[in-house]
Amino acid sequence: MPASRFTQTGNYRTRYAQDQTIFATSAEQLSLIVLVLVLLALPLLLPKTLLRDVNLIMIYAVAVIGLNVTTGYTGLINIGQAAFMGVGAYATALAATRLNLPFFVAIPLGGVAAALIGTFVGLPSLRLKYLYLAVATLAFQIIFEWTVGHLPLLQQGGAISLPAVQVFGIRDTFLNHNRFWYYLILPVLVLMALLWRNVLRTKYGRALIAVRDNDRAAAAMGIHPGVAKLTAFLLGSFYAGVAGGLFAYFQKAVVIEDYGLHISVQLLAMAIVGGLGSLPGAFLGPLFIVALDRGMEVLSQWLGGQNLFPEGVDVATALRPLAFGLTIVLFLMFEPRGLANWWRLSRMYFKKWPYKF
Amino acid sequence: MDLLPQLLLAGIVIGSIYALAALGFVLIYKSSRVINFAHGQIIATGAFIAFALTQRGLNFWLAGLIAMLATFLLGMLIERVFLRRMVGEPIIAVIMVTIGLSSVIDGLIHLTPYGAGSFSFQTPAVLSGQGIEVFGTPLSRTQIAGVLAALGLLGAFTYFFNKSTLGITMRAVADDQMAAMSVGTSVERVFALAWAAAGLTAAAAGVILGLMSGLTLGGLAGIGLKVFPVVILGGLDSVIGAIVGGMLIGILENLSAGYLDAIVPGGGTREVFPFIVLIAVLLIRPYGLFGTKEIERV
């Protein structure tokens, strides 16, 4: 046992069992409890418009965890995560409208559908590496958008509305929509994050990292790189599918624009800004990108009132991609490990205070 | 009027532009192993610079030349400011930097009055006259000039790579950077030149495309995506591959539009067919028709 139950003054671990514990100190356990309480109280504190953004952030976080599985941990560049989200969303919508399944069946079903298709799309990874695979997922993204746009079953990309949901006698209505879904999305997000945290502790999770770092060395150690890569695609697109199902219900409708190439790029940006291959990054990235987007909206509204730009220039459509692109480029140039690294550094600072190191 | 020759000719016309766009893409990949997702945006930049100049009353040809010079410098600038720092970083970082750049350029174009609208060049007098008929298919003078200009530029670059000292230097760097460095080649200069040359061809592609089918940001930047099927089919690091791939994809997409659209409900197979070809090529022959066989099997 450490000398103090609240601060970690050194490494006191003498057994493997101790090394595998999740919480090193009681302070960490306490901080988690506080975090959970804050999260549960959040909808009561936040105004409605902000709560909507929080919900979006949480849904994107689920998708970004999945993207981290393929791109961050296994090193397979995936420019089609939004299409996988779309597969999940459309499968969920079909299950809910055609088969009249309840949402707690329809959403996992969407995840499974996305996982199946994701594994199929991942098949080229058995032969290809790096950018070839990136281009393959890009092609899937475009083929997906085109196919949905041409299927009468899916309204040719137009809106398919989903039925309202009822949980424990509480109905999802216009007034409580954001709060209602907050309490549904939050446990899903926590569950999915815990799932990945724990997969990472198994030999399958470590195999993925080994394949990313050096797939030949991994093969020499008895890991089958192809199986590992397909596992990554399976898991990653499952997460995307669940996120898509949640998104479909939260938006009350499925529209193809929500699953386009630009969303895939946004998800990649979230993963990178947060920090590739880190779980805290999967939350910080969406938070940052959504906040940036809203910030730019506010800024461009203000700028639009100042008459600085010539007639016919929509400041909002200019500033948003500009800021978004600059964010990606600057992060990659100056902080490639993302916000997760800042998170880590600030934690270290408090842990070591008042010493510098 | 027979359908097949018409489709083939239309395919060659659009294919020569794809080839020109793919050439810039290949130049960058060949010298520095960078996949440039911002290529479509550079094409759009070139086209809009030329258009803005003609709007100010400048001669069309002069405007085109200035636009090419401008994107030449733009390419060099992008390499110097952004890509030079990324040497040795993981591929995902390099790819994402170019994706970020494409978004930045998109935003910058939206700050000008050209972002949202659709425009068209005032066709110069030489090109507006009566076209000719090939195999019973009418071709406008713009189309012929576009194909000739594209083929001319492609030929010039092929010659440049095979005969000139600088071209051979660039090939040497592409083959083996270490070896090229050790015999005294400035690899950095070659990278900068590759980006600059890519910018130049991008502007040419943009102006030709703008002349033929009008200027919209989405349409011009969209060529940046069409480049992927072309270069995967032709081979990522082959100049000849870019030319052949461009023509093939242009022809294939027109054939699919001509013959498959009637079968597929809703039509529009033109947009998706190249990407189906892309996946098929990846599965059968990932290094393309002329590319270097360097893919490691896992």
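In which helix of chain B does B:Val207 lie? In this predicted model, B:Val207 belongs to helix α9 of chain B, which covers residues 187–213. The residue is buried, because its relative accessible area of 9% falls under the 20% cut-off. Leaving aside residues up to four places away in sequence, B:Val207 touches B:Gly46, B:Ala47, B:Ala50, B:Phe60 and B:Phe121. B:Met170, by comparison, stands 37 residues from B:Val207 in sequence, and their C-alpha atoms are 26 Å apart in space.

The chain around this residue is described next. Chain B contains 12 helices and four strands. Its radius of gyration is 19 Å, close to the 19 Å that the globule rule gives for 298 residues, so chain B is as compact as a globular protein of that length. The C-alpha trace of chain B extends over about 60 × 50 × 35 Å along its principal axes. Buried residues account for 54% of the 298 residues of chain B. Among contacts in chain B with a separation of 6 or more, 74% are between residues 24 or more positions apart.

Chain A was described in the same terms. The secondary structure of chain A consists of 14 helices and four strands. For 357 residues, a compact globule would have a radius of gyration near 21 Å, and the 22 Å of chain A agrees with this. Along the principal axes, the C-alpha trace of chain A spans about 65 × 50 × 50 Å. Of the 357 residues in chain A, 50% are buried. Contacts between residues 24 or more positions apart make up 73% of those in chain A with a separation of 6 or more.

The two chains meet in an interface. Chain B contributes 49 residues to the contact and chain A contributes 44 residues. The area buried between chain B and chain A is about 4,200 Å², and carbon and sulfur atoms give 79% of that area. No salt bridges are counted between chain B and chain A. One residue pair is in polar contact across the interface of chain B and chain A, with both residues at pLDDT 80 or more. On the side of chain B that touches chain A, at least two residues come from each of the helices α3 (60–83), α4 (91–111), α10 (217–234) and α12 (269–284) of chain B. Helix α4(B) gives the most to this side, with 15 residues. Sorted by class, the side of chain B that touches chain A comprises 36 nonpolar, nine polar and four charged residues.

Salt bridges were then examined. Side chains of opposite charge can pair when their charged atoms come close. Over all chains, the structure holds 11 salt bridges. In one of these, A:Arg320 pairs with A:Asp293, with the closest N and O atoms 3.0 Å apart.

With a relative accessible area of 29%, A:Glu297 is partly exposed. A:Asp293, A:Glu297 and A:Arg320 belong to a network of salt bridges that also includes A:Asp53 and A:Arg294.

In chain B, a salt bridge joins B:Glu253 and B:Arg270, with the closest N and O atoms 3.7 Å apart. B:Glu253 lies in helix α11 (residues 239–259) of chain B and B:Arg270 in helix α12 of chain B, so the pair ties together parts that are 17 residues apart in sequence. B:Glu253 is buried, with a relative accessible area of 2%, while B:Arg270 is partly exposed, with a relative accessible area of 33%.

How values were computed. Residues are numbered from 1 along each chain as its sequence is written. Chains are lettered from A and ligands numbered from 1 in the order in which they are written. This is a predicted model: local features need pLDDT of at least 70, side-chain atom pairs count only at pLDDT 80 or more; totals for chains, interfaces and linings use all residues. Side-chain values use heavy atoms; hydrogens and water are left out. Contact means heavy atoms within 4.5 Å. Buried area is the accessible area (1.4 Å probe) that two parts lose on being put together, summed over both. A salt bridge is a side-chain nitrogen of Lys or Arg within 4 Å of a carboxyl oxygen of Asp or Glu. A polar contact is a pair of N or O atoms within 3.5 Å; within protein, one must be able to donate a hydrogen and the other to accept it, and residues adjacent in sequence count only if both atoms are side-chain atoms. Ala, Val, Leu, Ile, Met, Phe, Trp, Tyr, Cys and Pro count as nonpolar, Asp, Glu, Lys and Arg as charged, and the others, Gly among them, as polar. The radius of gyration is taken over C-alpha atoms; the globule rule is 2.2 Å times the number of residues to the power 0.38. Buried means under 20% relative accessible area, exposed over 50%, partly exposed in between (1.4 Å probe, protein chains only).
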